[in-house]
Amino acid sequence: MRFTHPSGHGPGHDVAAGVPGPLARSEHDLVRGTGKYVDALRFDGEAHGCLVRSPLPHARIRRIDSSRAASAPGVLTVLTGHDIAATIRPLGCVIGLRSDDGTPRVDADRAVLAVDRVRHVGDGVAFVVAETANQAATAAALVDVGYEPLPYRSDADSPELEVPIWADAPDDVCFTWRFGDAPACRALFASAHHVVRITLASPRLVPYPIEPRAAVGIYDEQTDAMTLLANTQGVHFVRNVLARAFDRDPRRLRVLTPAVGGGFGAKIYAYPEHALVLESARRLRRPVRWTATRSESFLSDTQGRGHITDAAIALDKDGRFLALSVRPTVDLGAYLSQLAPLTATGVGAPVQAGAYRFQAVEINVRAMFTNNVPVDAFRGAGRPEANYVLERLIDRAARELGFDPALLRARNLPATQTRPLTAATGLVIDGGRFLDNQIRCLDVADRAGFEARRRESAARGRLRGFGFANYLEANGGLQVAEAMSAGAFPVECATLTFSGDGCLDIVVGTQSSGQDHAVPLQRLAAERLGMDPRHITVREGDSSVAPLGAGTGGSKSLLTSTAALDQALSDAVQRGKQVLADKWGVDAEAVSFADGRFLADAGAGEWFSSSIGEVATHWPGALDGQSEVSLRNGSFANGCHACELEIDPETGCVTVLRYVAVDDFGRVINEGAVRGQVQGAVAHGIAQALLERAPGCEELMRIAAGGAAAYTPPTACEIPDVEWVDNGLPSTTNVLGAKGCGESGTAAAPPAVMNAVADALRDYPAAAGIQMPARPAVIWKAIHEER
């Protein structure tokens, strides 16, 4: 789709007027291949940008000579960190967390372009803009950068550096953070009959969405307004971060997001490339486009996880849980991404103990800078890390102490709760299926018949294992809003526009990143107004139309958008009542509304009656309006997942034979979409357990030098069809009774799979130390080390 300058003139005129408004969302467009993505929206006169990226993880910049690049064919400009230092600030972290001693965390804002030092492979050094993408890439290779290599920290366990990554963190510690009741934990551990310990790694992961990041910057010199077209997960968050970086009124910076081909957290944030296309467009007075190559995604996209955790559980003689101690060391990367401190702390902490009956919990986080790509929220955002530690530790305790893993959990889990329950972390849960999820999951997975299947595998020379894991989610984005501003809540808006032909246009502040948001909103509006859902259009992704919005992330979109829409629909009905009350000469309180019609007693057995469509036709704009709400309560999905797998001892290869997921997602609104979310999240979880690990500094240097990335995302061969069971207990915290469903598989699958691996290898002591990803070579070594 190409947009021309409305005036017909060249660069410098009102290009922004040719940018589309918020696009309608439809799952049918996505599955038919007719969705409009950033790369499909083209502009006359657009130029193309290419980043010059550091090939080293840590180095001083001694010189940048861009003269050859600037004189190359088609080149329009070359920007360096010195060129933009006066106009663009670094992209700041929005979480002002303090260490446990009261000192603020170390500032480490992400540079748009490095000035005097690069801190990770892929750090931007210069931005070349040319007439074509090929010309920009060719010229970028001509930029001569002189580096003085420095020692680098490849992970949080590396030795202390002579030259710290940040001067304010001489030991490379960004912050330490404590949560829970440490004195109570110490007392319970001292008196416990059993104490079991474990050390676990959740390696870094690359989000790897199918659509790489892309952006187009547009500048309107007549109004001094900037427009960013980018595949974000939330136009308002990105706008606000960029507005601070440019020190400009957010109302003069529009962010527009069309269809998005996956995000998984990596597209929540403002990136240096966003700022660079905007600044280049302002300087050149023409649109500037940048699209990441697949290799660039490894060098620049935020990554996920990166925890090494020492954990311990205290139990009494009967196997009742007493206390839980969790001590993660977190790899933050070279810069603080915009939500990174919270991902490592306040998001995972509330669910660290699940729904189990612990008496006390303590969490001690040590967050480290490394010379890796920045880390931030990745599908689940702290909750998968927490649940992995909890469920692996419980299985280890069962094995060491001779308990059945199911009975040990059952002894410490509540049954179905229909009233509020306070978890050991202080999290107040509105209810859940808990133990009933586990009972049902193990029944559907036929755990009772597993030993017979294990013997059958052994007869074929295979090792068979069964594992399962419970989980608890806390969705809604409340922790993020509170961390950004004390006392704040997630805020969402919905705008309604009624047309005279019986149609309704809805614009919401949240937005899709590939999943379907339109259907639940269409159904809610249709039910409330008595309309045909086919006559209702849902639009998202334009900061100039919806003034605020929480975006997508944390499985909160359905909660926030439906709350805003519910309020907007109520407000529209109230406006209709007032219009008709004035016409009919009655009080507004006397006008009722049901099944799409307004009614009022006209006396003498007669009734005034008008449909909502008639009101919209006769009083254009009378029903239109915008409503805003704050989300005061989240949702608490919970469930149990089971995995059965087989290992070939001759190769170490793992085959996942069966995967069962029993989930309490409350009221399921769109079953097809929910099943897709479960399948996708479980795929992420299985891949984390068995396949994926982000490249380290050495491999990234090879990628930066032109080598291919040796990354192993899952294929259909590794991921079975998930057998999903809906075990929903309606939520009491939102209008639909729904609970977030998009991330549960990332919390449940890694421990379920790794518990199954441990079960299959129970006769091999060396297997106890296997960490994710449990790749064939690692498993083979554990098996054959005994020989």
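Select Val145 and show its neighbours: Ile61, Arg63, Ile64 and Val125 are in contact with Val145, leaving aside residues up to four places away in sequence. Contact here means heavy atoms within 4.5 Å. This is a predicted model, in which local features need pLDDT of at least 70, side-chain atom pairs count only at pLDDT 80 or more, and totals for chains, interfaces and linings use all residues. Residues are numbered from 1 along each chain as its sequence is written, and side-chain values use heavy atoms, with hydrogens and water left out.

Stay on Val145. The residue sits in strand S9 (residues 144-149). Helices (H or I, at least four residues) and strands (E, at least two) are DSSP runs, numbered from the N terminus. Val145 is buried, at 15% relative accessible area. The classes are buried under 20%, exposed over 50% and partly exposed in between, with a 1.4 Å probe and protein chains only.

**Salt bridges**

Next, select Arg464 and Glu646. They form a salt bridge, with the closest N and O atoms 3.5 Å apart. The term means a side-chain nitrogen of Lys or Arg within 4 Å of a carboxyl oxygen of Asp or Glu. The pair links distant parts of the chain, 182 residues apart: Arg464 is in strand S21 (residues 463-472) and Glu646 in strand S29 (residues 638-647). Both Arg464 and Glu646 are buried.

The whole structure holds 52 salt bridges.

Go to Glu723 and Arg658. Their salt bridge has its closest N and O atoms 2.6 Å apart. Glu723 is partly exposed at 30% relative accessibility. Arg658 is partly exposed too, at 26%.

**A helix pair**

Colour helix H15 (residues 518-529) and helix H16 (residues 557-584). They pack at an angle of about 25°, with their axes 10 Å apart. Axes are lines fitted to C-alpha atoms, for helices over the stretch in contact, and angles run from 0 to 180 degrees between N-to-C directions. H15 and H16 are therefore roughly parallel to each other. Angles under 35 degrees count as roughly parallel, over 145 as roughly antiparallel, 65 to 115 as roughly perpendicular and the rest as oblique.

Show side chains at the contact. H15 contributes Pro520, Leu521, Leu524, Ala525, Arg528 and Leu529, while H16 contributes Leu558, Ser561, Thr562, Leu565, Asp566, Leu569 and Val573.

**Backbone stops**

Most residues other than glycine have a negative phi, and most peptide bonds are trans. Select Phe264: its phi is positive, about 60°, although it is not a glycine. Phe264 lies in the loop between strand S14 (253-256) and helix H7 (272-284). It is partly exposed, with a relative accessible area of 26%.

Move to Arg305. Its phi is also positive, near 65°. Arg305 is in the loop between helix H8 (294-300) and strand S16 (307-315). Arg305 is buried, at 3% relative accessible area.

Finish at Met772 and Pro773. A cis peptide bond joins them, with omega about -5°. Pro773 lies in the loop between helix H20 (744-760) and helix H21 (776-784).
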